[in-house]
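Here are a few friendly exercises to work through with the model open beside you. Try each task on your own before you read the solution.

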Amino acid sequence: MCWPTARDHVAALYCLGRAVRGLCAEGRGAPAAQHQQQRALHAEPTFAALLAATLEAAPRLNAKGLSRVLLALGDTHEDLPFAHLSLPDAYTRLVLAISTSASERLLAGWSDGLAGGPCPDDRDLAFPLFALARLGVYRPPVFRAASRLLARKLEEPGGGLPAECLRQWLLACGAVGHRLAPSEERAVARCPPIHTWLESDSNRLHQLAGAAVVLRRPDPLLAALVREVNARPPGQIQEASRAEALYGLQAMRLLATTGALPTEARLDAALAERLDAWLEEKSRRVRRRSRLERAVGAELERGGFQPTPDVSVGHGLSADFRCLHRGQAFYVEVDGPSHYCVRPVGQPLGRTLLKRRLFAALGLPLVPVPYWAAGLPGASRAAERGGVEPLDLNVGEMAEEALSQLGAAGAA
């Protein structure tokens, strides 16, 4: 009888991941059933046994095997930032233990490259970061080491990175709020677009342009990418366009036009108009009020803030509530579990930070209300499960702070 090997466990997990990935994404099934297949997989005892076997096998895997394990975890747990508080503690700990073991072993294997030796394969650097980001797991030492090595590849004579590698690296950094070192940012911004980047399909090109907003000074790279976007017909933005790709492109456009991002990149007016229209349409389809939002709305009403729910502020951007405080309007965003990293606990995900950045750039005061705010139904249990301290919900103080910060920014 042949017993399964470590490679067998990785292959099984990887194949499962390829089979179920994307089933939580836009356009794959009705909203009520978006996560059904992946959730069913999580509840399957044999899948948990496979995960346990993979954890036991991790010390015997090479870099390629460890990268595949992380990719498979990301593919099979796309909704982990949303679902981890409702999953059994033991199961969540198992998934996180695998991600920790695999990433630590990869980090140890990168030591030669960090000391000046040969660089690892770019796929074994960027793809693990992308997988960790999908899981909502931010491990700063791993992100710093991989970014240092990827930037080194860009700076080597005749070096460069494939379009997919660069895209996943920047998306991963943006997803968990990781900031590149200044020298790494310069290496990325200076890298010349090669034909394979510019031949990417429009969704990937939009994502890459949007991902560049993580850079403090993204030109000349971003300017070159937007020139390619502008050179394509307006029909590149359409029904089949992925909402997250359009949102990234919109973020770039708004930050650039408001001066919040130093770049020469400007989106063509016809494309910008089409972008607004399609983002409004796509966001309208998915707007649904959660129980948490209804609870916050009731608190706002009791506090006399006159909340108006589900408010569009234009450009495909929306807030959960528009309120009034001492005659001044402000906006409230209810940040549920999916707005935060699974680890470290309480750290906002990149898209949460980006939304706050966009509202600030547009001069709109935004008050974030975290899901563990005291006074909300289930807040104490959510705080306990999430490992965070309950936060007193004082919207008046939050609004005062948001309005004062916006005033200070305007004065500067």
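**Exercise 1.** Find out whether tyrosine 371 is buried or exposed, and which ring it pairs with.

*Solution.* Keep in mind that you are looking at a predicted model.
- Step 1: Start with accessibility. Tyrosine 371 has a relative accessible area of 7%, and buried means under 20%, so this residue is buried.
- Step 2: Look for a neighbouring ring. The centres of the tyrosine 340 and tyrosine 371 rings are 5.8 Å apart. Their planes meet at 65 degrees, which makes the pair edge-to-face.
- Step 3: Check the partner. Tyrosine 340 has 4% relative accessibility and therefore counts as buried.
- Step 4: Tyrosine 340 belongs to the loop between S3 and H18, while tyrosine 371 belongs to the loop between strand S4 (366-370) and strand S5 (373-374). The pair thus ties together parts 31 residues apart in sequence.
- Step 5: Widen the view. Tyr340, Tyr371 and Trp372 make up one aromatic cluster.

**Exercise 2.** Count the aromatic pairs, then describe the one formed by tyrosine 331 and phenylalanine 359.

*Solution.* 
- Step 1: The count comes to six aromatic pairs.
- Step 2: Tyrosine 331 and phenylalanine 359 are edge-to-face, with 5.9 Å from centre to centre and 70 degrees between the planes.
- Step 3: Tyrosine 331 is in strand S3 and phenylalanine 359 in helix H18, so this pair links distant parts of the chain, 28 residues apart.
- Step 4: Both tyrosine 331 and phenylalanine 359 are buried.

**Exercise 3.** What does glutamate 184 touch, and what is its nearest side chain of opposite charge?

*Solution.* 
- Step 1: Locate glutamate 184 in helix H11 (residues 182-190).
- Step 2: Leaving out residues up to four places away in sequence, glutamate 184 touches Arg144, Ser147, Arg148 and Ala151.
- Step 3: The nearest side chain of opposite charge is arginine 148, 6.4 Å away. A salt bridge needs a nitrogen-to-oxygen distance within 4 Å, and glutamate 184 is buried yet has no salt bridge.

**Exercise 4.** Now turn to glutamate 185: which residue does its side chain meet in a salt bridge?

*Solution.* 
- Step 1: The partner is arginine 216, at 2.8 Å from N to O.
- Step 2: Arginine 216 is in the loop between H13 and H14 and glutamate 185 in helix H11, and the pair links distant parts of the chain, 31 residues apart.
- Step 3: Compare the surroundings. Glutamate 185 is buried, with a relative accessible area of 5%, whereas arginine 216, at 39% relative accessibility, counts as partly exposed.
- Step 4: For the whole structure, a search finds 20 salt bridges.

Notes: Residues are numbered from 1 along each chain as its sequence is written. This is a predicted model: local features need pLDDT of at least 70, side-chain atom pairs count only at pLDDT 80 or more; totals for chains, interfaces and linings use all residues. Side-chain values use heavy atoms; hydrogens and water are left out. Helices (H or I, at least four residues) and strands (E, at least two) are DSSP runs, numbered from the N terminus. Buried means under 20% relative accessible area, exposed over 50%, partly exposed in between (1.4 Å probe, protein chains only). Lys and Arg count as positive and Asp and Glu as negative; His and the chain ends are not counted. Contact means heavy atoms within 4.5 Å. Rings of Phe, Tyr and Trp (its six-membered ring) pair if their centres lie within 6.5 Å; planes under 30 degrees apart count as stacked, over 60 as edge-to-face and the rest as tilted.
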